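Visitor: I should like to learn how to read a protein model, feature by feature. May we begin with the structure itself in view?

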Amino acid sequence: MGFIARILPLATLVCFAIVALSNIPEAREAVPQLERLHYARVEAWARLRPGGAWHPARFIEHHGHLVLEGSLLLVILYLLVQSSSKPSRSNSDRPLSEKEVQELCDEWQPEPLGAPLTEFQRLAGHRDILAAAHATIRRFGVGSCGPRGFYGTLDVHLELEAALAKYMGTQEAILYSYDLATLPSIIPAFANRKDVIVADEGCNYAIRNGCSLSRARVLYFKHNDVADLQRILEQIAAEDRKQSRPLNRRFVIVEGVYANTGEVAPLAEIAILKNKFKYRLIVDDSVGLGVLGASGRGAIEEAGLNADDVEIVAASLGNSLATIGGFCAGDRTAALAIIASEGGERSKKARSNAQRFRSGAADAKINGLHVVGGAESATSPLVHLRLDPTPATHADYPAGDLLLQQLVEDCLDKEGVLFAVSKYSHLEAAYRPPPSVRVALSAAHTSQDVDKAVAALAASARRILKSTARRS
């Protein structure tokens with residue numbers, strides 16, 4: 001098609017040039033073909049010009065329009081007849097008999113539904129969760145959705161909010177129907193264009209989206225770098241001394257455990273800085289909740305802080321609490337009760353598995369990969385393994401993603417262990433982290449599972465990453 005598009009204009013120009021030459025007597029004498037072309041053109045024009053045999057007016061004079069009108073009438077009649085007739089039903093379109101339907105149902109084998117990777121407590125099949133879900137369905141029924149914005153606040157919403165507040169040790173709690181919309185709703189509710197937000201540059205998309213929607217002044221400090229956070233806070237304080245600015249609200253926003261790296265935030269040091277410079281602290285503890293801390297209350301408890309040391313705590317209920325936002329809120333209360341009673345052992349097991357995997361991966365010295373995070377992140381249940389060396393620029397990230405995808409596919413095919421490559425929205429392209437394999441450790445994993453995962457990843461890395469390095 002590209003060749004035709006290029007040659008067509010040139011061919012058109014050549015045709016016009018030949019027609020123009022046919023009008024020159026000297027050219028017609030030199031080239032007999034031009035003479036024949038000239039007379040053919042003159043004869044054609046004589047037929048097509050007004051009064052010619054082929055002119056539309058001549059066609060109408062000889063009642064030719066009746067032929068056209070008759071043809072259109074026949075087409076209309078044909079279409080009317082077609083619309084009133086029904087297509088014949090073939091054997092393949094006939095309805096299935098009850099016996100055939102039953103045979104298909106008996107043959108169908110549904111795919112098993114696995115728990116989400118970040119369901120660290122593995123509560124999805126717990127007997128108390130199932131009993132609470134059954135009771136909720138019997139009482140309220142089931143529908144395609146049940147957000148409070150559509151159907152109003154029910155007693156289960158208020159009960160869950162009270163249970164969450166009691167569990168987290170706060171005065172109040174509020175539910176959101178969608179975890180990804182939680183931070184984008186919270187941050188603009190407290191901050192506006194007059195306010196200042198200082199956030200970790202490794203924060204997830206939801207936090208960045210909330211900062212953008214707030215229209216506040218947003219400054220990012222280096223990931224998990226308390227010294228850089230202090231530098232920015234001192235810089236803002238120096239600007240305030242030089243300029244007379246109106247009173248405003250100021251926030252430091254971090255994640256308890258960073259979803260994009262699996263590293264644990266140094267919350268104790270951050271809390272000291274926010275108190276010193278009079279900032280409010282917002283923590284997204286979606287990953288840490290239910291895993292970190294002696295009673296599973298998250299990274300805040302793990303850091304030795306009290307609930308009142310952090311002004312706002314946000315978290316997804318879709319990880320350790322084994323649920324999502326929406327109408328079936330009753331089973332979330334059951335999950336909180338289970339974590340409160342059994343959460344110590346479950347959280348301890350999840351932390352132990354995380355430490356075992358991280359230390360095992362470090363000892364194995366997996367070819368071409370390194371674990372993100374140091375000793376301070378040893379108990380983080382979310383582990384990211386990046387390419388070593390890490391791609392230098394964002395332009396190299398797609399190639400890194402593809403290489404890691406080959407790695408996890410090889411690990412599944414040859415070792416029987418499923419890993420996942422971190423995926424990011426195109427909206428995060430400007431600040432997305434480097435390519436990584438994302439591993440979520442839960443309380444349901446055994447020590448043998450963890451050791452097998454490390455060995456499988458190391459074996460696949462030797463095959464895929466070593467062979468790739470040899471080809472490059």
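Visitor: Which elements of the chain have the lowest and the highest mean pLDDT?

Guide: This is a predicted model, and where pLDDT is low, the predicted coordinates should not be read in detail. Here helix H15, residues 330-364, has the lowest mean pLDDT of the elements, at 70, while strand E1, residues 196-200, has the highest, at 95. The average over the chain is 81, and 87% of the residues score at least 70.

Visitor: Where does pLDDT stay under 50?

Guide: That stretch covers residues 326-334. For these residues the model has 28 contacts beyond four places in sequence. Such details call for caution, because coordinates of low pLDDT should not be read in detail.

Visitor: Which strands does E3 join, and how do they run?

Guide: E1 and E3 run parallel and are joined by 4 bridges; Val196 stands opposite Arg250 in E3. E3 and E4 also run parallel, with 5 bridges between them, and Ile253 stands opposite Ile282 in E4. From E3 the chain crosses through H13 to E4, in a β-α-β crossover that is right-handed.

Visitor: Which residues touch the most other members of the largest nonpolar core?

Guide: In soluble globular proteins, nonpolar side chains tend to be buried together. The largest nonpolar core here has 51 residues, and those that touch the most other members are Ile197, Val198, Leu229, Ile253, Val254, Leu267 and Tyr279. Helix H12, residues 226-242, gives the most to this core, with 5 residues. Apart from it lies another core, of 27 residues, including Val383, Val450, Ala461 and Ile464.

Visitor: With which residues is Leu267 in contact, leaving aside its neighbours within four places in sequence?

Guide: Leu267 is in contact with Val254, Val283, Ala299, Ile300, Ala303 and Leu305.

Visitor: Let us turn to the backbone. Where are Asn224 and Lys278 found?

Guide: Asn224 is in the loop between strand E2 (217-221) and H12. Although Asn224 is not a glycine, its phi is positive, at about 55 degrees. Lys278 is in the loop between helix H13 (267-276) and strand E4 (280-284). Lys278 is likewise a residue other than glycine, and its phi is near 65 degrees, a positive value. Lys278 counts as exposed because its relative accessible area is 70%, and the cut-off for exposed is over 50%.

Visitor: Which peptide bond is cis?

Guide: The bond from Asp388 to Pro389 is cis, with omega near 10 degrees. Pro389 is found in the loop between strand E7 (382-387) and helix H16 (397-415).

Visitor: Finally, how many disulfides are there?

Guide: A disulfide is a covalent bond between the sulfur atoms of two cysteines. The count here comes to 0 disulfides. Cys203 is in none: the nearest cysteine sulfur, that of Cys211, is 7.2 Å away, whereas the cut-off is within 2.5 Å.

Conventions:
Residues numbered from 1 in each chain as written. Predicted model: local features only at pLDDT ≥ 70, side-chain atom pairs only at ≥ 80, totals over all residues. Heavy atoms only, no water. Core = buried A, V, L, I, M, F, W, Y, C linked by side-chain atoms within 4.5 Å. Buried < 20%, exposed > 50% of the residue type's maximum accessible area, 1.4 Å probe, protein only. Helix = DSSP H or I, 4+ residues; strand = E, 2+ residues; numbered from the N terminus. Contact = heavy atoms within 4.5 Å. pLDDT = per-residue confidence, 0-100. Pairing = 2+ DSSP bridges. Right-handed = clockwise from strand over helix to strand, strands pointing away.
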